[in-house]
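Morning, everyone. Please bring up the model on your screens, and we'll walk through it together.

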Amino acid sequence: MRVEAERRRIRRLSLTPLIDVVFLLLLFFMLSSTFERYRSLEMDGGAAGSAAAGHDVLLLRIAEDGGFDLAGGPVGADELVERLVAIAAGQAVRLAVLPRTETALDHVVRALEAARRAGIRNVVVVK
Amino acid sequence: MRVCTRIAPVREENLVPLINVVFLLLIFFLVAGALRPFATHGVEPAATSSIEAGGDPANPIVVALDGTIRVSGAVVGLDRLAGHLGALAGSAPQTLHIVADRRLPAGLMLQIVESLGAAGIRDIRLVTIHEAGA
């Protein structure tokens with residue numbers, strides 16, 4: 001009996017299916033990935049009247065144009081953290097953030113972040 | 001005049017450089033990007049720079065600039081929001097993430113927070129975008 005040794009054919013592997021799959025993966029990751037890093041910021045809406053309950057409440061008003069008004073005096077956005085640190089210094093301060101109805105959320109977030117940086121944990125946003 | 005009618009030989013293009021580039025792009029997106037944790041529906045959250053990283057916000061509600069509230073893609077009115085969230089989770093959730101547009105009027109936002117608070121959801125977190133520097 002003659003056994004014929006099968007001759008191995010050297011053939012180049014077709015790259016097309018591989019490219020198809022890689023393209024699909026690339027499309028998927030391009031469409032579903034994001035380069036933004038999300039953070040979350042606690043926002044205490046506060047019960048009605050809770051801001052007025054204590055006597056050591058610091059009031060931070062925010063105007064429609066983003067102007068801050070801390071305890072009755074205007075404060076620039078860049079010096080807000082310093083002022084809050086100076087006032088809070090060591091003592092437990094409650095901060096009530098009072099934006100106008102039309103104030104953009106951006107400014108409220110800026111105020112909340114400044115309070116956070118100043119180490120004030122007890123912050124409520126009131127209306 | 002002799003017209004040359006030579007047919008160009010049909011040759012398979014060399015695909016290897018193309019594959020190299022596509023592979024590099026794929027690896028770039030895999031390494032540098034992260035999968036989008038939620039659909040933003042065109043909402044731009046406010047930016048913060050000093051908040052340390054936590055986990056990605058799970059299942060946030062999305063508030064568009066016109067006040068439209070979306071819960072996992074479906075538009076829900078403010079009056080039915082708390083009930084809808086309770087029905088989704090089985091009971092009223094303790095923590096709720098809100099993705100709100102940076103230009104959203106604060107009054108509208110407080111109205112939403114207030115009605116959630118009335119439904120027993122007190123731990124409300126506002127989702128922001130981290131910006132380096134400042």
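Start with one pair of residues: B:Ala47 stands opposite B:Ile129 in β7(B). A quick word on names: helices (H or I, at least four residues) and strands (E, at least two) are DSSP runs, numbered from the N terminus. Strand β2 (residues 47-48) of chain B pairs with β7(B) in the parallel sense, over two bridges. Two strands count as paired if DSSP finds at least two bridges between them.

Before going on, the ground rules. This is a predicted model, where local features need pLDDT of at least 70, side-chain atom pairs count only at pLDDT 80 or more, and totals for chains, interfaces and linings use all residues. Residues are numbered from 1 along each chain as its sequence is written, chains are lettered from A and ligands numbered from 1 in the order in which they are written, and side-chain values use heavy atoms, leaving out hydrogens and water.

How confident is the predictor? pLDDT is its confidence in each residue, from 0 to 100. Chain B averages 82, and 86% of its residues score at least 70. Within chain B, helix α2 (residues 78-89) is lowest, at a mean of 79, while strand β3 (residues 61-63) is highest, at 90. For the complex, the predictor gives an ipTM of 0.74 and a pTM of 0.75.

Back to β7(B). Strand β6 (residues 95-100) of chain B also pairs with β7(B), parallel, over four bridges. There, B:Thr95 stands opposite B:Asp123.

Which strand of chain A joins β7(B)? That is β2(A), running antiparallel to β7 (residues 123-130) of chain B, with five bridges. In this pairing, A:Glu42 has B:Arg125 as its bridge partner.

A:Glu42 has another link. Its side chain meets A:Arg116 in a salt bridge, 3.1 Å from N to O. A:Arg116 sits in helix α3 of chain A and A:Glu42 in strand β2 of chain A, 74 residues apart. A salt bridge here means a side-chain nitrogen of Lys or Arg within 4 Å of a carboxyl oxygen of Asp or Glu.

Now the whole interface. Contact means heavy atoms within 4.5 Å. Chain A brings 38 residues and chain B brings 51. Together they bury about 4,300 Å², 68% of it on carbon and sulfur atoms. Buried area is the accessible area (1.4 Å probe) that two parts lose on being put together, summed over both.

How many salt bridges lie between chain A and chain B? Three. One pair is B:Arg102 with A:Asp106, the closest N and O atoms being 3.5 Å apart. On the chain A side, α1 (16-32), β1 (33-34), β2 (38-42) and α3 (105-117) each supply at least two residues that touch chain B. α1(A) gives the most, nine residues.

How values were computed. pLDDT is the predictor's confidence in each residue, from 0 to 100.
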